[in-house]
Each structure stands twice: as structure tokens, then as C-alpha cells.
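Hi,

Here is the structure I promised to pass on.

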Amino acid sequence: MNFLELAKQYKEEAIDLLQKLVQIDSVLGESTKTKEMPFGKGINECLELFLEYAKKDGFVTLNDDGYAGLIKYPGKTNELIGVLGHLDVVPVTDGWKFPPFSATIEDNFMYGRGVMDDKGPVVAAYIALKILKDQGIILDKTVDFILGTDEETGWRGLEHYQQNYELPEIGFSPDAEFPLIHGEKGIIRCILEGVPCVGFTLKGGNIFNAVIGDAIATTKVDLTEQFNAYLEDNNLEGDYKFKDGTYYYHIKGVPAHAMEPHKGVNAGTHLAVFLNEYFDHPTLQFITNCIHNDFNMTKLGQKFTHKVMGIITNNVGIMDFNEESTKFTFDIRYPIGFKFDLFSNAIPVILDVYGIKVNICEHKVPHYIDVEDQLVKTLYDAYVKYTNDTENKPCTIGGGTYARALKKGVAFGMELPNEPSVAHQIDERINLDNLVTAIAIYAEAIYKLGMADA
């Protein structure tokens, strides 16, 4: 069956659903959280819209108290295949070509926060499932299409779902890149806290898993001339102002995903380095001496590389330095073979020199499926069928997707090889022709997984 020709017939429907979803600001909404909306109004609105859409299409749906959604496609047996995506998005910063929640289309691209991470891929996978249904195809296995709500900030939605409902053992998450991701690095997320500030403040970032795109520092002394020199010396964008006796210094960095911190410019750590020249503070010294622009933890003595999964990375995602404390986050992505116990013993010793305490608030071990596994082969064949690309092979990444929640799960699309990575970045966008291709690939993949032993 040629699913690409069918996918073309569903292009406008996919675009319409995607626009409706992208036009909803589904960043974690702390101020609008209720018992019925555990992650805020926007995320809840996205979830309800999607489930209502699927219900109208004739699918069996379930809303897990606002924590997650289920779209079920019954097969001949109760053996489950899982497709897991998410509807929440990371926050936005200034500088977009179009408003980030407008879902504007220009030159066959749709622009908007979440259009590639992860609303576009989720829509593509859903439309693929709808094609199977509309064609009257009954699979041997049942497909559980699970919509997460808190993937970017803690996985609480999926954890709640797992407590109440069975999670498939096998499947994929449409939340990365093609051709296929068969391994994901381990993730360590820490909150570090040092001594209070005297004479300055610094604030930037709002999530663990993104490079700080904007940061602002304040002082009572005039450092504007020195600040301008720092911007020029480091080829940075920024500005300053003086108001009510306080000098404000703003650096505009380049956001990027925490798994690829070298692709961004961290405005927060740059400001810390700048302030370190004029204030004697141990946290500023630590950032300057140990982590600024050192994305592989070499200065901390933790550099490690795996021949398949690559090198360890680290990112500072949130900084809040004030008169009470200096708090900042550390997001570490590590490959198989990294000795977590040695890390957890060594880091506190180093931090103690700077008067910094560390709290490891999240730890996910690496997830790895052998490249020769039948699941990997089945999905890769589906990709090759509709792209004719045999040059790019399954690989591993530093990102963390819902695939690791499955006993045998992989991340599968929809960013194509050689496309610029736009997840978590300004002007996030999706090529609408590629959206159609992804629908065909997902339809083929779900069909083959539902009919074969994977």
C-alpha cells in the first residue's frame, strides 16, 4: 500500500489541526493550575481539543484527569503498540519572525512554538493512525496513542498515567529525528545553591533543558563602559539602562536544546563571567572557572565519551542570583559507561570549595535498543520506503523522549537529516511537505508494527 498518496489527501486536515494546536500557548501554566488542569489552562486546552478531535473521528478516547490523554485503536488482540508524544512546549523569548503562537504559514513553512517539538510530529502520527482507520485496516495488535502534557518539565503527566493505566512495552515516540534514534543518553538534573549576592543580582532562563537565551544582571555601580567592552570582545548582543539608582545589564544569547549546548550562546553564564571581574563571589568564580563554555565537563574532571552514544554534555538552564542565595540548574546528558556513582561523589567535593551545595533532583539512566533489534529494522524500513535514503542510519542522541518510558521504545522522527535543528529555538518551523512525508512514514510504521512481531 502506498501511504504517501493517501497522506497527500490528508495534508490540509493535518495543517488545520496543527494550526489549532500551535495557536494555543501550552507552556506549563503555574498560575492557572487547578485540580482539573494540573499543568495549567493552555496545556489542558490542547489536550481537550485533541481528544475531542479524535472522538469526532470515531476513536475511543480517555482523559486521565488532565495528566495525559489516550486515543485507542483496537486490534484483533490486546497486545499493545505504543505511540507516545506530548502537547506541552518550552517557553518563548523575543526575536521571532512571526508571533510564536500564531502558526503563520510562509513559503510552505509553518512557524510556531511546538510545531516541531512536539505538536507537528504528534499530528503526523495521529493522521497516520486515522488513515489506517479510514481505510478499514484492522491490525493484529492494539495501538495506544498516548498524549503527554508535562514532557518538557518533569514527566509528571506520564507518571500519573502509568499509575492508572497499562503502558505498552513496545513502540515509538515521534519526538526527535529521522531516520531513527535507538539510544538516548542518561539525564542528570541538579539544582545548585551558593551564598547570597552582595552588590549584584542575576536572573535568566526558566527551564532545565534549554540554553539561556536572555539574562539580566543589576548593580548599583556603573559598569556600562566595561559591559559594552565585554559585549564587543565576545561578539554578543545586549543593552543596558539606568533606572531608580540601579544599572541593568541585558545579554541576548542564542537558545538551544540542552542536549546540544554548543549550538547556543548562554546569556546567563556570560553575565556571570562579566560580573566576576568586579565582584568577589564564589558562585561567579565557579561558573567562570569550571563551566562557562565548557560543554563536556572537562574542567570538572567528568569528560567521558562512548563510541556509539558520543560525549557527555552539560547545560545551565536557570539562574537566579539575589540577596538570599545564588541558585542555578545543571542539566547533564551522559552516555552508557559513565560512572554515576563516581560523579555523585566527586562533584560535591569540588562544589564545597565554592560554598555551593548540590541537590540531584532527577536522574534518568541511559536508554538503548540494539540497532539490530526487529523494532529498529521495521521502523527504519518504513523511513527508507518513503525517502529512498539509505545513507543516514539509526543513531543515538542526548535528548530524552518518551521512548525511554517503554521497555523497548525508540524515538522516530520527524526532523529529517540535514534539516536545521529548530526545537526549543527562535523561529521554530516545519516544512509542510515534510509533514506529509512523515504521515506516510508513520502510517507504514504503525501498520508494520501492528501486523508483525517487533
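Helix 2 and helix 4 sit oblique to each other in this predicted model. Their axes cross at roughly 140 degrees, and angles over 145 would be needed to count as roughly antiparallel, so the pair falls under oblique. To find them, look at residues 11-22 for helix 2 and residues 119-134 for helix 4. The two axes come within 10 Å, and the crossing is right-handed.

Which residues do the meeting? On the helix 2 side they are Glu 13, Ala 14, Leu 17, Leu 18, Leu 21 and Val 22. Helix 4 brings Lys 119, Gly 120, Val 123, Tyr 126, Ile 127 and Lys 130. Sorted by class, that contact has 8 nonpolar residues, 1 polar and 3 charged.

The other spot I'd point you to is Glu 184, in strand 9 (residues 181-184). Is Glu 184 buried or exposed? Its relative accessible area is 1%, and under 20% counts as buried, so Glu 184 is buried.

What does the Glu 184 side chain pair with? There is a polar contact with the side chain of Thr 401, at 2.4 Å, and the side chain of Arg 404 makes another with Glu 184, at 3.2 Å. Thr 401 and Arg 404 also turn up among the residues that Glu 184 touches, leaving aside those up to four places away in sequence.

Cheers

Conventions. Residues numbered from 1 in each chain as written. Predicted model: local features only at pLDDT ≥ 70, side-chain atom pairs only at ≥ 80, totals over all residues. Heavy atoms only, no water. Axes fitted to C-alpha atoms, helices over the stretch in contact; angles between N-to-C directions. Helix = DSSP H or I, 4+ residues; strand = E, 2+ residues; numbered from the N terminus. Parallel < 35°, antiparallel > 145°, perpendicular 65-115°, else oblique. Left-handed = near helix turned anticlockwise from the far one by under 90°. Contact = heavy atoms within 4.5 Å. Nonpolar A, V, L, I, M, F, W, Y, C, P; charged D, E, K, R; others polar. Buried < 20%, exposed > 50% of the residue type's maximum accessible area, 1.4 Å probe, protein only. Polar contact = N/O pair within 3.5 Å; in protein donor to acceptor, adjacent residues only side chain to side chain.
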